[in-house]
Every structure is written in structure tokens, then in C-alpha cells.
Amino acid sequence: MDVIRTTGELAEFCRRAAEFDYVTVDTEFLRETTYWPRLCLLQMATEDEAVLVDPLADGLSLQPFYALLANAEVTKVFHAARQDIEIFVKATGKVPVNIYDTQIAASVCGFGDSISYDNLVRAIVNEEIDKSSRFTDWSHRPLTDKQLRYALADVTHLRDIYKALKDQVERTRRQDWVADELDTLNSIDTYVVKPEQAWERIKAKLSRPRDLAALKVIAEWRERRAQETDQPRSRVLKDEAVVELAMQRPLTPEAFEKLRAVQRGYGRSSAAGEIIALLKGVEELPKSELPDMPDRQRGPSPKGAVGDLVRVLLKAVSEQHGVAGRIIANSEDIDALVLDDDADVPALKGWRRKLFGEKALAIKHGRLGLAATRKGVIEIEIEK
């Protein structure tokens, strides 16, 4: 198989690709030992051509490809696009224009939540993909013919999948559903992690404002260090260590040695010295400058009977309309609307509100009931 290894060859392909309505795109990358994904192979296909591009080839510039990504006249088709697009955002500072994600389209078309590419190939193209090359070392050269065949299949079958799903979405008039989901992929905030917001990704049950203040500064420090040194966050500090540091707030190297989540000897490192300085700053904060704790739950418990009924409704609605439940509402959406009729969640906006949100609120306020029948769950209006 031919592999593009020069900028001229890439420019020629991108020129030809720009004449088509769409191009399918996929990547192979590594990020096990880095913060930023390392692009190792690029695959693309048009209606009548499929190519592999070696981004590690000496002297190769990906600028022609980046220009194609910015071409609004050509739809860039991905499957599970988020990690691929993250690579391009890091390289260009911009999100590709006019993107389409077949995983999103598949969930709207009733193929389930987050269906894998090989399962979609099996369902639509009736082919089997040899997955044995999936977790090979894509940075090693030369790549084997088996690896190249596997990589090429990721964009050739994608052509048929894209056309089949696009037709089904248009036939069922669910273009707006897909567009709503693509809004997240089109936002650069999806791919750019701001260190000062890194604490939001950490699951921690904190009850004291000073603990939360400590969590914020330590998470920000870890994110910056991971980005600057190109290391995974967990190699800098694991999440459980960040939480324990926030709650215990050691102010000396000796205090570090008493923590369970931090490796022995860490307290003598320069990193620990930086953390100690941050924690001393937290201890010195007056109460008036501590962050507000999240509002405590009010109203019915989202984990109680009302929440359970709303979840049953979601399952019934998703089955009735042949769409993955996650596309309509996730667990956090349900919790929020049980607590607040005006919650700022997608489930209470646009087509989702008409399909599900209004019914969920009606259940919450006793205007709608559910009953089990042989044909499934049915809705029963309740007169008051």
C-alpha cells in the first residue's frame, strides 16, 4: 500500500479531495505516556480514493490537510471524533469546519449509545474488521501491511456508514438532533482544558470551603505541570492524591509522609515544595475569600421514586423513537430537572423538551403516570 510521505503528495490529494462533498478522516495516535496525543498516522478517503499519510516522515508538513479541515465546502466525516479533533486543535488552534460524527448519527438512528466503529461496520456494511492491530505501537517504523490495512479500513467503510446514516437522519427529519450534539464537538472549549477549571473534573465529596479552595489550587497546579512537561495528569498526581492533599493540607515535608495517596519520599521533592507553598496560601485566606460551596439539594431526591419514574420514562421514550437515551438526557439532566423545573439542561430545551422534558415535569407534578403493559410502558394522564 502506498503511504504519503511528502508535502507535495499530500497537497495533491487534498486538492482532489476538495472537489468532493465529503472526506472521511481517522487517526492513529499514542498518548499513554504524554499529556498531548502524538499523531502517528492519518487516514483519509473520498468517494473514489483512500490514502494513508505518515505524519512522522521527515520534512512532511500537514498544512495542506489543515487547509482541507478549514474548507467549509467539504464535510469532514469522523467516527467518535473527539480525540481526533483534539489533535488538530492542538496543532492549529482551531476546530475543523463542517464536521460530522457517525457515532452521534448512529445514536440518533437507534444504534445505541456510543456504538463502536467495528459494530457499526458489522451492522451497516456487513463486514468484519480485524481488530488485532488496534493497540499496536503506531509510532514504530516501518508499519506492517496488516497495520496499514486495518488503518485504511477505518476510512473506507466509513464512507458507506456515513451515507447510510445521513440518509436515515434526513428521512426521519432528525437533522436538528444531530446538529445539537455536534455543537459540543464544534466548541473549542471541548478540547482546551483551562487549568483553573481542572478541579471540575475531579470527583470529590468536600464539605468545607477551605478544602474546596485547596482542591482548586492543587488541581490547577497539576494541570499546568502536566501540560508543561507533557505528562499524563496521573503521573504528576493521581486524583485521589489531589483530594487527600486538599482535605489534609500538609504544610511540611514530614506531613506529606503521613498521606496514603502520595508515594513515600514525595514530600522532599521540589513539586511538594510548590504544593506546600500553595497550601500555605490557602490556609492564610480569610473566610470572606473562600469559595462558596455548591448549593445543597432542595426538593425531592433525584435518587428517589420521582427520579426512578423519570428514568423509566426516558427508557420508554428512547425505545419508542429509536434513539439512544443519552442523546435525550443523561443522569445529571434527570437529577437537575427533578430538583428544578427551570434547570439549565438540554433535556428541557428544544426538541428534547417536546419529546421528553415536558413529560418528565408532568410526572414530577403528578399530571402523568406510567403503566406497564405487554407492549411496554404507556403514559396515563392524571386528572386533578
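Histidine 79 is buried, with a relative accessible area of 10%, where buried means under 20% relative accessible area, exposed over 50% and partly exposed in between, for a 1.4 Å probe and protein chains only. The structure is a predicted model, in which local features need pLDDT of at least 70 and side-chain atom pairs count only at pLDDT 80 or more, while totals for chains, interfaces and linings use all residues. Residues are numbered from 1 along each chain as its sequence is written, and side-chain values use heavy atoms, with hydrogens and water left out.

Histidine 79 lies in the loop between β5 (75-78) and α3 (82-92); helices (H or I, at least four residues) and strands (E, at least two) are DSSP runs, numbered from the N terminus. Its side chain reaches the backbone oxygen of isoleucine 115 at 3.0 Å, and the side chain of histidine 79 also reaches the backbone nitrogen of tyrosine 117 at 3.4 Å. These are polar contacts, that is, pairs of N or O atoms within 3.5 Å, of which, within protein, one must be able to donate a hydrogen and the other to accept it, and residues adjacent in sequence count only if both atoms are side-chain atoms.

## Strand β3 and its partners

Strand β3 (residues 38-45) is mostly covered, since 7 of its 8 residues are buried. With strand β2 (residues 22-30) it pairs in the antiparallel sense over 7 bridges, where two strands pair if DSSP finds at least two bridges between them, and phenylalanine 29 stands opposite leucine 39 in β3.

Strand β3 also pairs with strand β4 (residues 50-53), again in the antiparallel sense, over 4 bridges, and leucine 42 has valine 53 in β4 as its bridge partner. Between β3 and β4, which form a hairpin, there are 4 residues.

## Aromatic pairs

The structure holds 9 aromatic pairs, counted when ring centres of Phe, Tyr and Trp (its six-membered ring) lie within 6.5 Å, with planes under 30 degrees apart called stacked, over 60 edge-to-face and the rest tilted. One of them joins tyrosine 35 and tryptophan 36 edge-to-face, at 4.6 Å centre to centre and 75° between the planes. Tyrosine 35 is buried, with a relative accessible area of 7%, whereas tryptophan 36, at 25% relative accessibility, counts as partly exposed.

The rings of tyrosine 100 and tyrosine 162 have their centres 5.2 Å apart and their planes at 75°, so this pair is edge-to-face. The pair links distant parts of the chain, with tyrosine 100 in strand β6 (residues 99-101) and tyrosine 162 in helix α6 (residues 145-171), 62 residues apart.
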